[in-house]
Amino acid sequence: MSKLHQMISITTMSDNAGILGSMFRWSLRQAKLLALFAAGMLLSGAAMAQSADAAIDAAKQWLALADAGQAGQMWEQSAALMKEQSDRTAWVAYIGTMHNQYGAAPDKRVWQAMEHQIDHPSLPRGEFSSVTFVSGYAKARAWEKVALVWQNQRWVPVGYQYGPAETAAK
């Protein structure tokens, strides 16, 4: 092999090693970024699932007060936004009407759907969630929808709707 050919071969091998090294470093950087992104998504997904579970639990606990005949306590535990819309007496009457219509506490309550809104144009600024349940009351099945707002690092009830299970919750 001539000296010129050897120099070209060595240079080419050196250039290839440099290219491979650059590709490896670039791939390593990409892998690190991908790993960070994946970890962030997993943590974000876990946080969202945890928040969803917390919203469902808060809604169930609040409805348990209605089941126990403690509508006044429901009102006390609700967010100021709800208290501005309905006074305690009207709230107690509203829950009483629901129980007269559907009967005693449900033997079974299963959450069916969940909605989540952040800074929705028709709501005050903030993070809101609603959980819809299907409940088997003594007289009839009903849907129940509990609205919640994220306040002070927890979900706080801000509203409640109900209707016959045959109609869609709005």
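User: Which residues are linked in a network of salt bridges?

Analyst: Side chains of opposite charge can pair when their charged atoms come close. A salt bridge here is a side-chain nitrogen of Lys or Arg within 4 Å of a carboxyl oxygen of Asp or Glu; in this structure Asp67, Arg109 and Glu144 are linked in such a network. This is a predicted model, in which local features need pLDDT of at least 70 and side-chain atom pairs count only at pLDDT 80 or more, whereas totals for chains, interfaces and linings use all residues. Residues are numbered from 1 along each chain as its sequence is written, and side-chain values use heavy atoms, with hydrogens and water left out.

User: How many Å apart are the closest N and O atoms of aspartate 67 and arginine 109?

Analyst: They are 2.7 Å apart. The pair links distant parts of the chain, since aspartate 67 belongs to helix 1 (residues 3–67) and arginine 109 to strand 1, 42 residues apart. Helices (H or I, at least four residues) and strands (E, at least two) are DSSP runs, numbered from the N terminus. Arginine 109 also forms a salt bridge with glutamate 144, with closest N and O atoms 2.9 Å apart. Because arginine 109 lies in strand 1 and glutamate 144 in strand 3, this pair ties together parts that are 35 residues apart in sequence.

User: Is each partner buried or exposed, and what do those words mean?

Analyst: Buried means under 20% relative accessible area, exposed over 50%, and partly exposed in between, with a 1.4 Å probe and protein chains only. Arginine 109 is buried at 19% and glutamate 144 is buried at 1%, whereas aspartate 67, at 25%, is partly exposed.

User: Which residue forms a salt bridge with lysine 145?

Analyst: Its partner is glutamate 115, and the closest N and O atoms are 3.0 Å apart. Lysine 145 lies in strand 3 and glutamate 115 in strand 1, so the pair ties together parts 30 residues apart in sequence. Lysine 145 counts as buried at 9% relative accessibility, while glutamate 115 counts as partly exposed at 39%. By the rule given above, the count comes to five salt bridges.

User: Which residues does glycine 159 touch, leaving out those up to four places away in sequence?

Analyst: A contact means heavy atoms within 4.5 Å, and on that basis glycine 159 touches Trp62, Met82, Lys145, Val146 and Ala147. Glycine 159 sits in strand 4 (residues 154–164) and, at 13% relative accessibility, counts as buried. Between glycine 159 and serine 130 there are 8.9 Å in space, C-alpha to C-alpha, although the two are 29 residues apart in sequence.

User: What is the volume of the largest pocket, and which residues are closest to its centre?

Analyst: On a 1 Å grid over the protein atoms alone, where a 1.4 Å probe fits, a pocket is an open set of points with protein on both sides within 12 Å along at least five of seven lines, and lining residues have an atom within 4 Å of a point. Grid points are joined across faces, edges and corners, and a volume is the space filled by probe spheres set on the points. The largest pocket has a volume of about 340 Å³; of the 17 residues that line this pocket, the closest to its centre are Leu123, Phe128, Ser130, Ala147 and Val158. Helix 3 (80–85), strand 1 (109–118), strand 2 (127–136) and strand 3 (141–151) each supply at least two lining residues.
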